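Let's walk through this model together, one group of contacts at a time. Keep the viewer open as you read.

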Amino acid sequence: MHFKPAVTALVSAVALATLLSGCKKEEAPPAAQTPQVGVVTLQPQAFTLTSELPGRTSAYRVAEVRPQVNGIILKRLFKEGSDVKEGQQLYQIDPAVYEANLGNAQANLQATRSLAGRYKQLIDEQAVSKQEYDDANAKRLQAEATLKSAQIDLRYTKVLAPISGRIGRSAVTEGALVSNGQSSALATIQQLDPIYVDVTQSTAELLKLRRDLESGQLQKAGENAAKVQLILEDGSTFAREGRLEFSEVSVDESTGSVTLRAVFPNPDHTLLPGMFVHARLQAGVNANAILAPQQGVTRDLKGAATALVVNQDNKVELRQLKATRTLGNEWLVEDGLKAGDRLITEGLQYVRPGAEVKVSEATNVKKPGSPDQPNSAKADAKAE
C-alpha cells in the first residue's frame, strides 16, 4: 500500500506538535546551591611549650644503718615503717665487753699519768734519765688514746639513726650477732621530704629545643624554666610544684638520653621512692604560635594532618599541616597554616578542594572568653 504525500505530511506535522507540547511541560533543573561552611580566622598567640618527660622518684637521702662494733643485739627500739629522728637510738648491742674495756683503759691511764708525773719531778734532780721520762710520757699519751677508743666503742653499742626519715623493716631481731663491717644493713632510712624526681630527655629533643631557641622561634621561659609539674601514675597532677636542680653532663650510651633531676616538697609522703611519674617542664615560649581547633584538623589515609581553608576567592583549599602537639582542644601547627587563614570547622562533609562556598563564623568552636566549650558530640551534630 502506498500513502499519498498529503497524508504523510499531515502525520509528520501531528508528531512534531506532540513532541513540542511535551517539551513545554518539562521544567528546567534547579541551579546547584553554594554550600555554607563555618570558619575560624586564625590569629597568632603566645604559647608556652612544655615537655612531658617520664621518670621515677628517688629518696632525697638514703642511709643504711650498720653496726660499728661486734656484739649481740639486745633490743630493737623503733617501729618498722615509722619516722625516726637523727640521733634516735635504733638498736642496743650488748655493752658488757666494752664497759670492761673502758674500765681497764681508765685504770691504765691513771697508772701511766702517775708514773709520768713522778718522772717529771725526778728529772729535775737527775734521778731518772730524759729517755725514761719520755717513755713514761708516751705511755700516758697512749693510755689516753686507748681510753678514748674504749669510750667510742661503748658509745657505738647504741646504734643511732644517722639521718631523719622513714625507716624500713629490720633485717635483724634480738639475739642476732652483728659485726663491724658486715655487708648487710640492719635497716634503711630514707628521707622523703623533699624527694627527688629523675626524668630522662632524648638528645634529639634537646638538640631541637636548642635550635629553636637559637633561631628565635622560641624564647626562653625565664624563671619558669626551672619550675616542674608532676603527673602521677593515675593521671592526676601532684598538688605541689617542683624545681629543676641540674642536668647530667653526659649522655647515657644505652638510651641516648640525658637525666634531669627535680626536687619536690613532699610533706604528706604522697610520693614514695620508685614511683613512675611524668614531669612537665616549660621549655620555651612561642610568642606567635598558630593554634588550630581540633574540629578543623583531620588525618588522611597516610596519617598526615590536613585542613581545609577558604581563600580570598571563597574557594576551598587543602593544606598539609605539621601539627606537633595539642593544647586542650587545639593543635599547635608549625607549618601549613598562617595568621589570617580561614579554617573550616563546620560543614567539612559538604565541600571538596576547589569548591566555592559561603562563609559564616563557626559556632562549634569555643571563643576566647566564652564560658564553656561544647563537647565533641554536640559539635559533630551541629556540623552535620
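The paragraphs below go from aromatic rings to a sheet, a helix and salt bridges.

This is a predicted model, in which local features need pLDDT of at least 70 and side-chain atom pairs count only at pLDDT 80 or more, while totals for chains, interfaces and linings use all residues. Residues are numbered from 1 along each chain as its sequence is written, and side-chain values use heavy atoms, with hydrogens and water left out.

Let's begin with the rings. Rings of Phe, Tyr and Trp (its six-membered ring) pair if their centres lie within 6.5 Å; planes under 30 degrees apart count as stacked, over 60 as edge-to-face and the rest as tilted. Across the whole structure, a search finds three aromatic pairs. In one of them, the ring centres of Tyr60 and Tyr196 are 4.8 Å apart and the planes stand at 35°, so this pair is tilted. Because Tyr60 belongs to strand β2 (residues 45–65) and Tyr196 to strand β9 (residues 187–202), the pair ties together parts that are 136 residues apart in sequence. Helices (H or I, at least four residues) and strands (E, at least two) are DSSP runs, numbered from the N terminus.

How exposed are these two rings' residues? Buried means under 20% relative accessible area, exposed over 50%, and partly exposed in between (1.4 Å probe, protein chains only). Tyr60 is partly exposed at 32%, whereas Tyr196 is buried at 15%. Tyr196 also has Arg261 over its face, 4.0 Å from the ring centre; a charge sits over a ring if NZ of Lys or CZ of Arg is within 6 Å of the ring centre and within 35 degrees of the ring normal. Elsewhere, the charged end of Arg299 sits over the ring of Trp331, 5.1 Å from its centre.

Another aromatic pair, Phe238 with Phe264, is edge-to-face, with 6.1 Å from centre to centre and 70° between the planes. Phe238 is buried, with a relative accessible area of 8%, and Phe264 is buried at 0%.

Now turn to an open sheet of four strands, ordered β6-β5-β3-β8 with antiparallel pairing. Two strands pair if DSSP finds at least two bridges between them. At the edges, β6 (158–160) and β8 (177–178) each pair on one side only. Strands β3 (residues 71–76) and β5 (residues 89–93) run antiparallel and are joined by three bridges; Ile73 has Ile93 in β5 as its bridge partner.

Next comes helix α2 (residues 96–124). Its buried residues are Tyr98, Leu102, Ala105, Leu109, Thr112, Ala116 and Ile123, and they pack against α3 (130–156). Just after α2, Gln126 takes a positive phi of about 60°.

Finally, the charged side chains. A salt bridge is a side-chain nitrogen of Lys or Arg within 4 Å of a carboxyl oxygen of Asp or Glu, and the whole structure holds 12 salt bridges. One of them joins Asp134 to Lys130, with the closest N and O atoms 3.1 Å apart. These residues are four apart in helix α3, which means that about one helical turn separates Asp134 from Lys130.

Which residues form a network of salt bridges? Glu317, Arg319, Lys338 and Asp341 are linked in this way. Arg319 is buried at 18%, while Glu317 is partly exposed at 29%. Likewise, Asp341 is buried at 8%, and Lys338 is partly exposed at 48%.

Technical notes:
Contact = heavy atoms within 4.5 Å.
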